[in-house]
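Me: I have a structure open and would like to go through it slowly with you. Could we take it piece by piece?

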Amino acid sequence: MRVYRCYFLNEWDGIDAYENIEADALDEAVNTALALLRQRREHKAIEIWEGPNRLYPARRRFGRSRISIAG
């Protein structure tokens, strides 16, 4: 099992919070992070990192998302 860090970003791309996510693969970590983002409407985007490597940026711009967070 790998440990990924999910950063929850505000509208200015600043980090408001983070959670460590344990998952076997990146896609599992992404699904978990997106579910958390849906629950935390005050946050605007997520990034997933493993150590010094950003693996998954997911940014919303102008009120619309480049990814689907619908449920």
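**Charged pairs, rings and the core**

Me: Let's start with R2: how exposed is it?
Reply: R2 counts as partly exposed, since its relative accessible area is 39%; buried means under 20% relative accessible area, exposed means over 50%, and partly exposed lies in between, with a 1.4 Å probe and protein chains only. Before we go on, please keep in mind that this is a predicted model, in which local features need pLDDT of at least 70 and side-chain atom pairs count only at pLDDT 80 or more, while totals for chains, interfaces and linings use all residues. Residues are numbered from 1 along each chain as its sequence is written, and side-chain values use heavy atoms, with hydrogens and water left out.

Me: And which side chain does R2 meet in a salt bridge?
Reply: The partner of R2 is E50, and the N to O distance between the two side chains is 2.7 Å; a salt bridge here is a side-chain nitrogen of Lys or Arg within 4 Å of a carboxyl oxygen of Asp or Glu. The two residues belong to distant parts of the chain, with R2 in strand β1 (residues 2–9) and E50 in strand β3 (residues 45–50), 48 residues apart. Helices (H or I, at least four residues) and strands (E, at least two) are DSSP runs, numbered from the N terminus.

Me: Is E50 buried, exposed or partly exposed?
Reply: E50 counts as partly exposed, because its relative accessibility is 22%.

Me: How many salt bridges are there?
Reply: The count comes to 3 salt bridges. One of them joins the side chains of R40 and E19, at 2.2 Å from N to O. R40 sits in the loop between α1 (26–39) and β3, and E19 sits in strand β2 (residues 15–23), so this pair ties together parts that are 21 residues apart in sequence. Another one joins E47 and R54, at 3.1 Å from N to O.

Me: Changing topic, how many aromatic pairs does the structure hold?
Reply: The structure holds 2 aromatic pairs. Rings of Phe, Tyr and Trp (its six-membered ring) pair if their centres lie within 6.5 Å, and planes under 30 degrees apart count as stacked, over 60 as edge-to-face and the rest as tilted. Y7 and Y18 form a tilted pair, with 6.2 Å from centre to centre and 50 degrees between the planes. Y7 lies in strand β1 and Y18 in strand β2, so the pair ties together parts that are 11 residues apart in sequence. Y7 and W49 form an edge-to-face pair, with 6.5 Å from centre to centre and 85 degrees between the planes. W49 lies in strand β3, so its pair with Y7 in strand β1 ties together parts that are 42 residues apart in sequence. Through these ring pairs, Y7, Y18 and W49 are linked into a cluster.

Me: What about the largest nonpolar core, how many residues has it?
Reply: The largest nonpolar core has 14 residues, and those with the most contacts inside it are C6, I21, A33, I46, I48 and Y56. A nonpolar core is a set of buried Ala, Val, Leu, Ile, Met, Phe, Trp, Tyr and Cys residues joined through side-chain atoms within 4.5 Å. At least two residues of this core come from each of β1, β2, α1 and β3, and α1 gives the most to it, with 6 residues.

Me: Last one, what pattern does the chain follow along the sequence?
Reply: Read along the sequence, the pattern is β-β-α-β-β-β-β, and the secondary structure comes to 1 helix and 6 strands. Of the 71 residues of the chain, 35% count as buried.
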